[in-house]
Amino acid sequence: MTGVVYLDNNATTRVDPGVASKIQTFFSERYGNPSSVHCFGRAAGEELKQAREHVAGFLGCQPGEIVFTACGTESDNAALRSALEVQPEKRHIITTQVEHPAVFGLCKYLEENKGYQVTYLPVDSAGELDLDRLQLAIRPDTAVISIMWANNETGVLFPIQKIAELAREFGVLLHTDAVQAAGKIPIDLSSCPIDMLSLSGHKLHAPKGIGALFVRKGTPFQPFIIGGGQEGGRRAGTENTTGIIGLGLACALAGQDIEAENARVAGLRDKLENGLLQAVPDARVNGGRAQRLPNTTNISFANVDGTAVLRLLDQLGICASAGSACASGSMQTSHVLRAMGVPFAFAKGSIRFSLSRYTRVEEIDFVLEHLPGIIERLRNRDS
Ligand code: PLP
């Protein structure tokens, strides 16, 4: 195998070659500021308009409901902080124990430093939520429910349609972090009553440094970054023109053939998963019983150190990520796997493989050829 076997697409993705070539000219030739009134600026503004239409088309919403940001983390922060600011009398937030740090870390900060109360909903061993518990958690002072659409570590999908209907019924704002869902499963905001949704360009073959926040028309919104009047006054700062144009094209491309592409990627993911489960004793798939993203598998190999596995994979050019990390000399396992009750012996040996439309069957075969031997060697060494 020559080159890198890149199976870490939930961390970041390759920029689509068509996207890369399109944005190139906006760095060096067509670099106008979209706010300028001259023709050079107006041409950039026209491209931005088109990109906004592509993103809106991809999500099934109106162009005016899209606010471009710098990343998924900013979109998450903007949504939650706005929901709290526009309802100062409401001091309660509902989220889950398995959110990405962009939401989880912010909720911890708001709880510990700003006096908000936060309910962190638990998940079961499959990584799934109990919607009765969600309903019971809603209080008169609940300002916002923030629940991710797809989990970045396991790929487990939460039932956002039902969650959105419940939030609507109780009159609570719903934000969803769809950073991992966007581009991997169809999203249609015209039929799903979500109030705010975050996405990030670099997870769907657009460049890093561009994100978007959907804010449904009529949802009260208080900007997080204040200054000029860009983005309809909802996010100040000269637009990241190349990023926005790249995101627009990436969304247009991601929307094409999503079903067929998903079936192909899920087939490769299943081949990898089944092959590893057959070849390696004491292995399990975390979240395997739940509805999942087609591209993600999180596999635990008992009694090995995941970071040691990653290092040996890396020597072969295979890129994946681990659900554990060594911090200050002690092994820290992932908060997601802990919330699912994965035993420590398994959690510390968990590896996430995340595929993309560029993943080829030879890459999966290469991992299947080498990983079982790596696990066996590490187990023999450590026993
Ligand atoms: N939310 C989820 C679920 C993610 O997986 C990530 C990134 O891994 C983020 C938010 C943050 O996105 P960004 O890297 O664009 O800030």
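A: Begin with contact, which means heavy atoms within 4.5 Å. Helices (H or I, at least four residues) and strands (E, at least two) are DSSP runs, numbered from the N terminus. In this predicted model, local features need pLDDT of at least 70 and side-chain atom pairs pLDDT 80 or more, while totals for chains, interfaces and linings use all residues. Residues are numbered from 1 along each chain as its sequence is written, and side-chain values use heavy atoms, without hydrogens and water.

Q: Which residues of α3 and α4 meet?
A: T73, D76, N77, L80, R81 and L84 in α3 touch A102, V103, L106, C107, Y109 and L110 in α4. For classes, Ala, Val, Leu, Ile, Met, Phe, Trp, Tyr, Cys and Pro count as nonpolar, Asp, Glu, Lys and Arg as charged, and the others, Gly among them, as polar. The contact of α3 with α4 has 8 nonpolar, 2 polar and 2 charged residues.

Q: At what angle do α3 and α4 pack, and is the crossing left-handed or right-handed?
A: Axes are lines fitted to C-alpha atoms, for helices over the stretch in contact, and angles run from 0 to 180 degrees between N-to-C directions. A crossing is left-handed if the near helix is turned anticlockwise from the far one by less than a right angle, and right-handed if clockwise. Helix α3 (residues 72-85) and helix α4 (residues 101-114) pack at about 40°, with axes 9 Å apart, and their crossing is right-handed.

Q: How do α2 and α8 cross?
A: The axes of α2 (residues 39-59) and α8 (residues 241-254) come within 8 Å and cross at roughly 35°. This crossing is left-handed. By class, the contact has 11 nonpolar, 3 polar and 1 charged residues.

Q: Which residues of α4 are buried?
A: Buried means under 20% relative accessible area, exposed over 50%, partly exposed in between (1.4 Å probe, protein chains only). In α4 the buried residues are A102, V103, F104, L106, C107 and L110. They pack against elements including α3, β3 (92-96) and β4 (117-121).

Q: How is an aromatic pair described?
A: By the distance of the centres and the angle of the planes. Rings of Phe, Tyr and Trp (its six-membered ring) pair if their centres lie within 6.5 Å; planes under 30 degrees apart count as stacked, over 60 as edge-to-face and the rest as tilted. Y31 and F40 are edge-to-face, at 5.0 Å centre to centre and 85° between the planes.

Q: Why does Y31 count as exposed?
A: Because its relative accessibility is 53%.
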